[in-house]
Amino acid sequence: MADYQQHHPTEKGQGRPSTSQVLAVVTLLPIGGVLLCLAGLTLAGSLIGLALMTPLFVVFSPVLVPAVLTICLAVVGFLTSGAFGITALSSLSWLINYMRRMSGSMPEQLEQAKRRVHETAGHLGHKARETGQKTQEVMRP
């Protein structure tokens with residue numbers, strides 16, 4: 001019973017809309033009507049324009065279609081060229097930064113490489129001497 005009284009008021013004044021609600025309806029109804037009329041006029045104008053322009057589109061389509069395709073291809077070409085250019089610049093920038101970072105540690109790496117070359121050369125020289133001695137021993141009768 002309490003639910004019924006909450007949803008269906010029986011006292012005076014409780015079923016009426018408030019003043020702000022009435023004011024909102026009174027102001028928004030004409031604005032909505034005007035906007036609806038403008039939307040209808042725009043639709044009618046678009047349909048009339050399309051009906052008048054369709055023969056022109058059909059007549060000039062051998063010119064318009066290639067022109068649109070040419071413009072689209074030119075835009076795609078410019079965008080692709082720009083993308084390749086940005087990619088190239090960012091790659092070069094990365095490479096320059098990488099080389100700058102590596103230049104600080106380059107002398108240490110060169111010293112290590114020199115030591116390895118000397119060690120390898122010494123090892124190869126030792127092996128060559130051993131091989132030469134073995135060859136001489138085998139050649140002696």
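Select phenylalanine 57 to begin: at 47% relative accessibility it counts as partly exposed, a class that lies between buried (under 20% relative accessible area) and exposed (over 50%), computed with a 1.4 Å probe on protein chains only. The model is predicted, with local features needing pLDDT of at least 70 and side-chain atom pairs counting only at pLDDT 80 or more, while totals for chains, interfaces and linings use all residues. Residues are numbered from 1 along each chain as its sequence is written, and side-chain values use heavy atoms, with hydrogens and water left out.

Phenylalanine 57 is found in helix α2, residues 19-139, where helices are DSSP runs of H or I with at least four residues and strands are runs of E with at least two, numbered from the N terminus. Colour by secondary structure next, and the protein chain shows two helices and zero strands.

Now select Ile48, Leu52, Met53, Leu56, Phe57, Val59, Phe60 and Leu64, which make a nonpolar surface patch of about 780 Å². Such a patch joins nonpolar side chains (Val, Leu, Ile, Met, Phe, Trp, Tyr) within 5 Å, from residues with over 30% relative accessible area and no salt bridge, the latter being a side-chain nitrogen of Lys or Arg within 4 Å of a carboxyl oxygen of Asp or Glu.

Move on to the one aromatic pair that the structure holds. Tryptophan 94 and tyrosine 98 are stacked, at 5.3 Å centre to centre with 10 degrees between the planes; pairing requires ring centres within 6.5 Å (the six-membered ring for Trp), and stacked means planes under 30 degrees apart. Because tryptophan 94 and tyrosine 98 are four residues apart in helix α2, about one helical turn separates them.

Conventions. Patches are made of residues with over 30% relative accessible area and no salt bridge: like charges are joined within 9 Å, nonpolar side chains (Val, Leu, Ile, Met, Phe, Trp, Tyr) within 5 Å. Accessible areas come from the Shrake-Rupley method with a 1.4 Å probe; for residues, only the protein chains shown count as cover. Rings of Phe, Tyr and Trp (its six-membered ring) pair if their centres lie within 6.5 Å; planes under 30 degrees apart count as stacked, over 60 as edge-to-face and the rest as tilted.
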